[in-house]
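I opened the notebook to look up a few things in one chain. The entries follow in the order in which I made them.

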Amino acid sequence: MTRIAFIGLGNMGGPMAANLVKAGHAVVGFDLAHDVLKAAEATGVKAANVLTEALADAEAVITMLPMGRHVLTVWTDILRSVPKGTLLIDSSTIDVDSARKAHAMAGDAGCLSLDAPVSGGTGGAAAGTLTFMAGGSQESFAGARPLLEVMGKKIVHCGDAGAGQAAKICNNMILGVSMIGVCEAFVLGEKLGLSHQALFDVASTSSGQCWSINTYCPVPGPVPTSPANNDYKPGFMAALMLKDLRLAQEAALSSGASTPLGAEAAQLFALFDKQGNGARDFSAIIEMFREAD
Ligand code: NAD
């Protein structure tokens, strides 16, 4: 049993904290939103009224927050309160520079730290089947691993500070670009009189195969579990895809990498989001290509 402080109990953090409770850990949670905190309490998380109350006696602290600036502010407060040797794990998706800054702050305070963003969405968070991509020292990774294994089914140590965030944005850039490619192909197929099923049967078993077609096909029919069969309810919200593509572009700019398709994907998802589609599944972007003619 580990005493855990869990900060940020929203769509992802709530079910992740609930799984830690189910596995027998003592979890004290804090969130700025009262209703979110109440919902977590119903799953066995002990609710703290202020951040410091959650941190008292914590051996490990997990943060699941919106953006880098939230993580840096919260980690600054955490590091003022916790003793040396405490393990801090950030599972939010944030920019690589902020992640590295957070690690440096933790190191200065004598604490262990890991960036450990996830993929798998709210379904994976609830089922405890997330993929964790971790960055940090061997010691931090070894300390965090038993907790991550409760919340996820695949845990990859990607390298040093920030490597988890780097892996996350590279993966999601592939996803954003590949989904657009698959959508364009289905729209072209429609124009050519090709049935969705015929294109799927060929591409999903040929060199066009990828997760965006085989598992998450953006048209209804071929993959019954894909959001296209459920009015494009997420799934993975287009606004979050846009966030990750923007993080990838920030990282490309600061590292000098050339990512022209990543840049184009970010622009297309920005347009889709601006048209009021941010809360829909990202595969609904196929409609934008249909409307473009
Ligand atoms: P969310 O908005 O539902 O939850 C974030 C929570 O953080 C909110 O409840 C908010 O009140 C709380 N919060 C913000 N500032 C705080 C502070 N200073 N102190 C305490 N609590 C604070 O977001 P989410 O969907 O749970 O996503 C969390 C992170 O996980 C994001 O970085 C997101 O990009 C990433 N992520 C989300 C998904 C997904 O499918 N939702 C998938 C993978 C990764």
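**Entry 1: the first annotated span**

I began with residues 3-159, whose end C-alpha atoms lie 26 Å apart. This span is 45% helix and 26% strand. I noted how these are assigned: helices (H or I, at least four residues) and strands (E, at least two) are DSSP runs, numbered from the N terminus. UniProt, in an unreviewed entry, gives residues 3-159 the feature "domain: 6-phosphogluconate dehydrogenase NADP-binding". UniProt positions are in the numbering used here, feature names are shortened, and annotations may be inferred rather than shown by experiment.

I wrote down the ground rules before going on. This is a predicted model, in which local features need pLDDT of at least 70 and side-chain atom pairs count only at pLDDT 80 or more, while totals for chains, interfaces and linings use all residues. Residues are numbered from 1 along each chain as its sequence is written, and side-chain values use heavy atoms, with hydrogens and water left out.

**Entry 2: the second annotated span**

I then looked up residues 162-288, which the unreviewed UniProt entry labels "domain: 3-hydroxyisobutyrate dehydrogenase-like NAD-binding". The end C-alpha atoms of this span lie 34 Å apart. Its content is 63% helix and 0% strand.

**Entry 3: the whole chain**

How many helices and strands does the chain have? I found 13 helices and 9 strands. The radius of gyration is 20 Å, close to the 19 Å that the globule rule gives for 293 residues, so the chain is as compact as a globular protein of that length. The radius is taken over C-alpha atoms, and the globule rule is 2.2 Å times the number of residues to the power 0.38. Along its principal axes the C-alpha trace spans about 65 × 45 × 35 Å. Of the 293 residues, 49% are buried. Buried means under 20% relative accessible area, exposed over 50%, and partly exposed in between (1.4 Å probe, protein chains only).

**Entry 4: the second largest pocket**

I needed the terms before the values. On a 1 Å grid over the protein atoms alone, a cavity is a set of points where a 1.4 Å probe fits but cannot get out, and a pocket is an open set with protein on both sides within 12 Å along at least five of seven lines; lining residues have an atom within 4 Å of a point. Grid points are joined across faces, edges and corners, and a volume is the space filled by probe spheres set on the points.

The second largest pocket has a volume of about 270 Å³. I listed 17 lining residues, of which Ile169, Ala248, Ala251, Ala252 and Ser255 lie nearest its centre. Helices H5 (96-108), H8 (163-191) and H11 (238-255) each supply at least two lining residues. H11 gives the largest share, 7 residues. By class I noted 10 nonpolar, 3 polar and 4 charged residues. Ala, Val, Leu, Ile, Met, Phe, Trp, Tyr, Cys and Pro count as nonpolar, Asp, Glu, Lys and Arg as charged, and the others, Gly among them, as polar.

Why does this pocket lie between domain 1 (3-160) and domain 2 (166-291)? Both domains give residues to its lining, so it lies between them. The domain bounds come from an automatic or database domain assignment.

**Entry 5: the cavity**

I counted 1 cavity of 30 Å³ or more. The space in the largest cavity is about 30 Å³. Its lining includes Val71, Trp75, Asp90 and Leu114. Helix H4 (68-81), H5 and strand E6 (112-115) give two or more residues each. H5 gives the most, with 3 residues.

**Entry 6: single residues**

Is lysine 168 buried or exposed? Lysine 168 counts as buried, at 6% relative accessibility. I found this residue in helix H8, and the unreviewed UniProt entry annotates Lys168 as "active site".

Leucine 245 lies in H11 and is buried at 0% relative accessibility.

Phi of tyrosine 232 is near 60°, a positive value in a residue other than glycine. Tyrosine 232 is buried at 7% relative accessibility. Glycine 235 is in the loop between H10 and H11 too, and a cis peptide bond joins proline 234 to glycine 235, with omega about 15°.

Aspartate 57 also has a positive phi, near 75°. I placed aspartate 57 in the loop between helix H3 (51-55) and strand E4 (60-63), and noted it as exposed, with a relative accessible area of 60%.
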